[in-house]
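Take a look at the sequence and the structure below. Keep both in view as you read.

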Amino acid sequence: MKLKIQHVAVMADDAKELSKFYREVLELEPMHTPAATEIDVDTYRWLKAGDSEIHIVQRDDTVAPRLGLSIDPMKAHYAFECESVEQIREITERLTKAGVKWMDWSPHGIPGKHQVFMIDPGGNLVEFQLGGGKA
């Protein structure tokens, strides 16, 4: 199984201001930030960092409770890019066998984007997403 880091999400009290810092001070390039189904697009920003991305996510402890989720995908995390839906399915099967908590964020997230989140044994939030804009 071959995985690569696709993005890292960092938390912000003000996503617009932190995005401005990364753009102006570190000269990261702004990217199109697609709207999610149940999340206000003004609360997160995507920036290009070489071949990877930085996603700036505004702190909001109401997301998971409001959507009835056991995992909050709007927390700091890193994301692996997967090559196929089958690879994501294989990963979720492995996670289930290992007793690792995971959830499919796809119904709530960006339409057409396949995303699965887990909490690893160290307590870190990790995302697996289909690469190349595939659904």
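## A predicted model

The structure is a predicted model.

## Strands side by side

Start with strand 5, residues 77-82. Strand 5 pairs with strand 1, residues 4-12, in the antiparallel sense. The two share 5 bridges. Within this pairing, H7 stands opposite A79 of strand 5.

Strand 5 is also joined to strand 8, residues 125-130. Here the strands run parallel, and 5 bridges link them. Find E81, then look across to strand 8: the bridge partner of E81 is Q129.

## A loop residue: A76

A76 sits in the loop between helix 2 (63-67) and strand 5. Is A76 buried, partly exposed or exposed? A76 counts as partly exposed because its relative accessibility is 41%, and that class runs between 20% and 50%.

Which residues does A76 touch, once neighbours within four places in sequence are set aside? A76 is in contact with A9, M11 and L125. G122 lies 46 residues from A76 along the chain. The C-alpha atoms of A76 and G122 are separated by 14 Å.

## The cavity

How many cavities of 30 Å³ or more does a search of the whole structure find? The search finds 1. About 200 Å³ of space lies in the largest cavity. It is lined by 18 residues, and W46, H55, M74, W105 and Q115 are the closest to its centre.

Strand 3 (44-49), strand 4 (52-58), strand 7 (115-119) and strand 8 each supply at least two residues. By class, the lining of the largest cavity has 10 nonpolar, 6 polar and 2 charged residues.

Definitions and conventions:
Residues numbered from 1 in each chain as written. Predicted model: local features only at pLDDT ≥ 70, side-chain atom pairs only at ≥ 80, totals over all residues. Heavy atoms only, no water. Pairing = 2+ DSSP bridges. Helix = DSSP H or I, 4+ residues; strand = E, 2+ residues; numbered from the N terminus. Buried < 20%, exposed > 50% of the residue type's maximum accessible area, 1.4 Å probe, protein only. Contact = heavy atoms within 4.5 Å. 1 Å grid on protein atoms, 1.4 Å probe; cavity = no way out; pocket = protein on both sides within 12 Å on 5 of 7 lines; lining within 4 Å. Points joined across faces, edges and corners; volume = space filled by probe spheres on them. Nonpolar A, V, L, I, M, F, W, Y, C, P; charged D, E, K, R; others polar.
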